[in-house]
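Please look through the sequence and the structure shown below before you read on. The briefing that follows takes up one topic at a time, from the core to the sheets and helices.

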Amino acid sequence: MSRLLIKHARVVDPSQRLDEGLDILVADGKIARLAERIDDREATVLDGTGLVAAPGFVDLHVHLREPGFEYKETVKTGTAAAVAGGFTAVCCMPNTQPVNDSAAVTEFIRARAAEAGLARVHPIGAVSKNLEGTELAEMGEMVRAGAVAFSDDGKPVQNAYLMRRALEYAQLFDVPVVDHCEDRDLAAKGVMHEGAVSTRLGLRGIPAAAEEVMAARDCVLAELTGGRVHVAHVSTRGALERVHEAKGRGVAVTCEVTPHHLALTDQAVADSEYDTDTKMNPPLRGAEHVDALIHGVLDGTVDCLATDHAPHHADEKALEFDLAPFGVVGLETAVPVTYDLLVRRHKLPLRLYVALWSTNPARLFRLPGGTLKVGSPADVTLLDLEARTTVNPDRFRSASRNTPFAGQRLKGWPAATVVGGKVVWRRERK
């Protein structure tokens, strides 16, 4: 029976209201004991001196690209990026080729993850067949194969009737429907946030209303059906307000915010001189929206953080801004970007920060993990809150390099990642 002993760490576990110096003993892939001092001669020792040990971080929103787009990312490279970013589990979106709209594709993704042996991978199945938005996919079949939620992410579920039926059907399996909230008619093929910056740059804008209309609709449909809706990558003040209001009425609605929507504004497009690594959907918004998102994190309206890790080949991102694809990678920069911003600058308590990346996402999607309670899976993220490093895309484990944070010097990085009691990644000591 394999045993691991994490010594002298500061254990921060929101699920148990823990924030104290403890040792953690892991046996056979499970948390076996937490105590001030544990001695076990049979265990491999991992020195946690100066480190925070937290329940494994969970990213509810990544694009692993396999099957079909392996030139951008694979399950192996994506999960390598995940563990290097401190994530023990990720949920992958279905916009692959073929689309994950069947048990066969769900099983394929899980098999690839098992072969990689790094982060846990929880597939998200498609709402509609082939992401076409006209006919529901075989939800029950995918749940039995391991799907943990449903989404047409990359696209909105534009048809309100289909969204209603999806919410109703998903209730049978107690899983949420995740929606990319965008009214495509209002978005009108825009490429960045509609505002003064887009006007100055001569780029077609996407109004905040395009997101807010769909967020409002989804809240109404969740209230009508009693289904669970999770609003992906909220980026506007109005969308967040609709979620807050719906929660106040007892509607089963939750939401996530990405690191880039918290840390950057649309001014980044101008400052970078049309760098396509500042192009994503939803787009970077104006300062008033970013301020609202940060406030939403601090006041608890935002349920969790998620990266929307969207790798693209360098040749694709080398196109002019109008033609380049939307999306940025985020798994390997998410922790320092959000720790630097939320904990250091905005004084978010560390326990709440850990909850946003671990306890909360695990609870929202009913995933194993999110806790270090005895008997739970031994998924642990170790953080070095004093580490300062400059973001260098050339060192990424991801197959893609499209980050808007290149060259930024940030504080607070993952130090090691433990999945099922196995140390799957450790930061190189300098």
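## Briefing on the predicted model

The largest nonpolar core has 77 residues, and those with the most contacts inside it are F57, L262 and Y353. The model is a predicted one, and the points below follow those three residues and then some other parts of the chain.

**Nonpolar cores**

- In soluble globular proteins, nonpolar side chains tend to be buried together.
- If neighbours within four places in sequence are left aside, L262 is in contact with V257, V290, L293, I294, V297, L305, L341 and L342.
- Another core lies apart from the largest one; it has 19 residues, and I31, A53, A378 and A415 are among them.

**The sheet of five strands**

- Five strands form an open sheet with parallel pairing, and their order is β9-β10-β13-β14-β15.
- At the edges stand β9 (150-151) and β15 (304-305), each of which has a single partner strand, so one side of each is left without a neighbour in the sheet.
- Strand β14 (residues 253-257) and β15 run parallel and are joined by two bridges, and V257 has L305 in β15 as its bridge partner.

- Four bridges pair β6 with strand β7 (residues 87-92) in the parallel sense, and F57 has F87 in β7 as its bridge partner.

**Antiparallel pairs around β16**

- Strands of a sheet pair through backbone hydrogen bonds, either parallel or antiparallel.
- Strand β5 (residues 52-55) and strand β16 (residues 380-390) run antiparallel and are joined by four bridges, with A54 standing opposite T381 in β16.
- β16 also pairs with strand β17 (residues 409-419), in the antiparallel sense and over eight bridges, and in this pair T389 stands opposite L410 in β17.

- Is T79 buried or exposed? T79, which lies in helix α1 (residues 75-84), has a relative accessible area of 0%, and because this is under the 20% cut-off it counts as buried.
- When neighbours within four places in sequence are left aside, T79 is in contact with A116, L118, A119 and V121.
- After α1 comes G86, whose phi is positive, near 90°.

**Helices α13 and α14**

- Helix α13 (residues 334-345) and helix α14 (residues 350-357) pack at an angle of about 145°, and their axes are 11 Å apart.
- The crossing in which α13 passes α14 is right-handed.
- On the α13 side the contact involves A334, V335, T338, Y339 and V343, which meet L350, Y353 and W357 in α14.
- Sorted by class, this contact has seven nonpolar residues, one polar residue and no charged residues.

**L5 in strand β1**

- L5 is placed in strand β1 (residues 3-13), and because its relative accessible area of 3% is under the 20% cut-off, L5 counts as buried.
- Not counting residues up to four places away in sequence, L5 touches D23, I24, L25, I38, D40, A43, T44, V45 and L46.
- L5 and L34 are 29 residues apart along the chain, and their C-alpha atoms are separated by 9.9 Å.

Notes:
Residues numbered from 1 in each chain as written. Predicted model: local features only at pLDDT ≥ 70, side-chain atom pairs only at ≥ 80, totals over all residues. Heavy atoms only, no water. Axes fitted to C-alpha atoms, helices over the stretch in contact; angles between N-to-C directions. Left-handed = near helix turned anticlockwise from the far one by under 90°. Contact = heavy atoms within 4.5 Å. Nonpolar A, V, L, I, M, F, W, Y, C, P; charged D, E, K, R; others polar. Pairing = 2+ DSSP bridges. Core = buried A, V, L, I, M, F, W, Y, C linked by side-chain atoms within 4.5 Å. Buried < 20%, exposed > 50% of the residue type's maximum accessible area, 1.4 Å probe, protein only.
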